[in-house]
Amino acid sequence: MDKKKLVVVGNGMAGARVVEEILKRAPGRFDITMFGAEPYGNYNRILLSNVLNQTQEPQEIFLNPLTWYQENNITLHAGIKAFKIDRQRKVVLGGQVPPGILPYANNEEFLNKVEFIEEPYDQVIIATGSRPFVPPMEGFGGEGTFLFRTIDDCHAIAEYAQRCRKAAVIGGGLLGLEAARGLLTHNVEVTVIEAAGQLMNAQLDAEAGQLLRRTMEAMGIRVVTAAKTSKINFQDGRIASLSFADGTLVETDMVVVSAGIRPITEIAQASGIAVGKGIMCDDQMRTSDADIFTLGECTEHRGRLYGLVDPIWEQARVLADVISGANPNALYTGSKTGTKLKVMGVELISIGEKEPSLPSDEVVIYREPNHGIYKKLIIRDEKIHGAILLGDIEGGDILMQMFMRDEKVPAKRSELFFGSVKSAVLVNIADLPDNAQICNCNGVCKKEITDAIVEGECLTVAAVGKKTKAGKGCGSCRGLIAQLIESCVGKVSYDPSEHYYVPGIPLEKSQLVAEIKSRGLKSVSAVFAELAGGREDLDSKVGLASLLKTIWPKEYEDERDARFINDRVHANIQKDGTFSVVPRIYGGVTSPEELMRIAQAAVKYQVKMVKITGGQRIDLLGVKKEDLPAIWKDLGMPSGHAYTKAFRTCKSCVGTDFCRYGVGDSIRMAQEIERRFQGIESPHKMKLATAGCPRNCSEAYVKDIGAVAIEGGKWEIYVGGAAGSSVRKGDLLCTVDTHEEVLKYIGRFMEYYRQHAKYLERTYGFVERVGIDMLKKILIEDSLGICAQLDERIQQAVDAYKDPWKEAEIPAYPHQFEGPRLVEVLNEAENNG
Amino acid sequence: MISPTKIIHLGSIDQVPVGQGRCFIIDGEEIAVFRSRDGHVFAVENRCPHRGGPLAEGVMGDGKVVCPLHGHKFDLATGQGGEKPECVRIFSVIIDNGEIKIDGRDLAKPQPRSMVRS
């Protein structure tokens with residue numbers, strides 16, 4: 001049978017995704033040709049702002065490298081724009097986009113000057129996407145004016161910003177605010193200009209928009225709303241200011257327009273295919289021509305346009321089912337949309353409609369204006385019809401699920417915001433006695449904290465911590481401290497330094513990573529020299545050392561003085577200044593030979609206590625620093641890393657070998673995990689476990705990562721569990737079939753945690769902050785297209801593993817393991833000369 | 001300045017890794033000598049007044065050291081602790097031709113220490 005010729009017009013996320021879906025269903029069925037007006041393989045446009053603020057390299061956001069096209073026998077016409085489908089002759093016509101013409105420009109004049117390419121087809125998929133909308137204004141297109149849509153745009157903006165003090169972003173929607181965030185990292189004063197009366201008009205109601213505006217302003221962004229830009233004013237060839245329709249001006253040195261998108265439909269119009277707001281299609285994604293399909297941002301389905309990833313992925317699945325014949329009756333009936341976003345660090349969930357539209361619609365609102373928190377629900381027929389959560393999105397995942405599944409809401413509406421009252425422990429902190437201990441780690445009582453607040457004028461949790469040490473242990477009392485500040489003085493002050501990755505450099509993690517990468521800083525002292533004005537900040541050293549090692553697994557210049565003592569000598573310091581030694585015991589399974597070596601070493605080095613640890617290992621306590629290299633050599637076992645912020649251990653139960661309940665080989669699984677991830681460093685420690693059945697004898701549900709075998713030969717992977725100062729059951733990330741997949745997803749989660757968690761943020765805090773639904777999307781469905789990058793980075797970290805106890809043979813630096821030196825005082829040091 | 005009357009030689013500065021501390025025991029007294037990345041040298045008593053942690057094993061930077069046990073901080077030039085009224089004794093120290101020398105008379109002085117010990 002001859003292969004069918006499939007031509008895909010558009011090499012963006014939608015076009016590439018539908019091809020992937022088709023290849024999954026019917027590999028080899030089609031001869032595939034793709035037209036892409038940009039001269040690249042396809043990339044993840046969602047991550048463009050990361051390229052602008054330099055937290056990601058352009059190559060990291062590519063979804064399919066050029067080899068993907070080769071491997072799948074896809075002909076890619078990169079840099080060639082398809083402009084017409086000749087439906088009589090059944091050919092698609094394209095022409096090379098000359099340099100200097102924007103790939104998405106609506107300017108086909110160049111077609112007169114270039115040679116055409118013709119591609120015959122049996123079927124066509126149009127996935128041309130959208131182009132930025134530029135509101136009518138005078139002067140756009142001149143020097144210093146930019147759109148924010150492609151990788152090239154990002155490069156041009158970043159480059160031009162170097163020469164600017166002020167920048168204006170026209171458009172106060174999600175992308176506009178992302179562009180503003182990117183610009184802030186380039187040290188320019190940013191003004192966001194929005195034509196509507198509020199920010200994020202598509203997702204927020206007026207009140208939430210106003211609240212977001214105040215939060216943005218507190219971060220140093222100027223916001224101008226209800227302002228229609230009429231003209232960009234130039235002076236001596238450079239931008240001087242913007243004029244608005246009402247005659248007012250804003251000074252600026254550059255202009256970035258990010259005022260929404262419009263579908264690219266010219267090819268459909270030129271080919272006689274029906275176009276409304278977008279290229280129109282039926283429930284099988286078929287246009288008015290039965291051989292021509294469409295999907296993505298260029299597409300209008302049942303009167304709606306979609307600009308979010310999830311609906312477009314749904315369209316891609318249906319279209320692939322139909323065109324490949326895998327399910328010729330597949331139907332796309334529209335998507336319910338809800339978005340969870342982080343705009344400049346402010347969390348936001350927007351679901352369905354933002355305003356009520358029927359008299360019977362019920363509106364429930366909760367607000368904390370001083371904290372930038374606003375929650376609104378629109379309930380119709382006892383179901384969620386719309387919701388906005390701004391500033392605090394706790395419970396938002398559940399609301400999103402209820403909305404997507406059309407579930408009935410509880411009779412007590414407050415439970416939608418605050419969870420079930422029955423489960424909440426209500427403590428009115430104001431009623432506690434003065435001597436009640438608030439911080440159980442550092443033993444700080446309520447009176448000390450309220451004194452610090454009232455007399456010491458500590459108005460932030462960090463300031464209270466600095467003064468009293470409260471909240472500086474495990475951190476679980478920080479919420480109570482915030483409540484105390486509120487009850488004393490009304491509100492907690494905003495302290496940007498709480499978001500700094502390390503206290504000595506005023507940057508959040510993403511910004512700090514961007515600076516480190518762009519400046520190529522490989523050592524802690526280089527970071528201080530470049531980013532802290534040369535001041536070596538004591539409280540920042542250890543955190544920076546950890547971060548640098550994650551950023552540069554191989555090239556990191558390890559300055560040992562930036563490490564905590566435990567990491568200098570690979571053992572855990574005890575209260576008497578001796579150290580504990582925990583050799584690695586893979587999966588908690590040891591042998592008589594190992595036990596004998598451990599016993600002999602314990603005797604030889606006069607170990608004060610031999611203790612079975614909670615992580616199924618053996619701890620030798622009370623070892624002198626100078627004995628460490630020798631005891632490691634005698635043990636002949638690798639380091640168990642029981643002293644550092646890294647992968648610690650993987651406990652297991654006896655699994656299938658002996659247990660009469662076990663359904664999975666938890667011991668072998670734990671050993672595989674431990675051998676693969678030993679020594680992987682992370683923002684905080686990671687304790688793992690595997691369980692051979694859901695009876696959970698090894699406590700895998702409450703580990704940072706737990707793998708639990710279930711009937712049918714499958715494994716469930718839980719993340720974000722805790723059984724320390726906080727107790728939390730992990731969230732189910734995914735269920736997989738094989739040990740290899742368990743290793744793959746554990747590694748992927750670890751790497752995402754390594755890249756995105758704050759320093760000293762345990763996985764339970766991280767998973768709650770990001771949300772398990774978001775993690776599933778990113779790590780399982782690959783919604784950001786970064787899974788390949790994560791897998792590759794964790795592999796690099798695995799490959800870079802060296803047993804630190806090997807430093808017993810060759811110390812990393814002179815005197816590394818030496819103890820105090822006895823000095824003999826010589827009387828001849830007396831000098832009467 | 002150190003008077004030349006009772007100088008104690010601790011040996012080469014190379015015994016102290018750059019950016020770290022090292023404990024020396026002189027007449028039963030533990031002294032932590034620190035060598036900063038920018039070339040300064042400090043000497044303080046080694047035991048943290050809080051719970052006796054070995055300051056020589058602490059992370060140093062910006063003229064301060066953090067005790068490895070509970071994170072109490074001390075200024076290496078003045079001995080002043082971050083948790084008032086804690087403080088540690090300081091000793092005059094110089095590097096002379098690559099040799100660490102401290103003023104032995106400081107050892108004999110009565111201990112001011114912290115006024116309150118928990």
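**Reading strand pairing and a chain contact**

Author: In S3(A), the residue that forms a bridge with Thr33(A) is Thr75(A), where strands are DSSP E runs of at least two residues, helices are H or I runs of at least four, and both are numbered from the N terminus. The model is predicted, so that local features need pLDDT of at least 70 and side-chain atom pairs count only at pLDDT 80 or more, while totals for chains, interfaces and linings use all residues. Residues are numbered from 1 along each chain as its sequence is written, and chains are lettered from A and ligands numbered from 1 in the order in which they are written.

Reader: Over how many bridges do strand S2 of chain A and S3(A) pair?

Author: Two strands pair if DSSP finds at least two bridges between them; here S2 (residues 30-36) and S3(A) pair in the parallel sense over 5 bridges.

Reader: In what order do the strands of the open sheet in chain A lie?

Author: The 5 strands follow the order S3-S2-S1-S7-S19, with parallel pairing, and the edge strands, each pairing on one side only, are S3 (74-78) and S19 (292-294).

Reader: How many residues of chain B are in contact with chain A?

Author: Contact requires C-beta atoms, placed from the backbone, to lie within 7 Å; by this rule 31 residues of chain B are in contact with 26 residues of chain A. The largest share of that side of chain B, 5 residues, comes from S2(B).

Reader: Which strand of chain A pairs with S2(B)?

Author: Strand S40 (residues 821-823) of chain A pairs with S2(B) in the parallel sense over 3 bridges, and Val823(A) has Ile26(B) as its bridge partner.

Key. Two residues are in contact if their C-beta atoms, placed from the backbone, lie within 7 Å.
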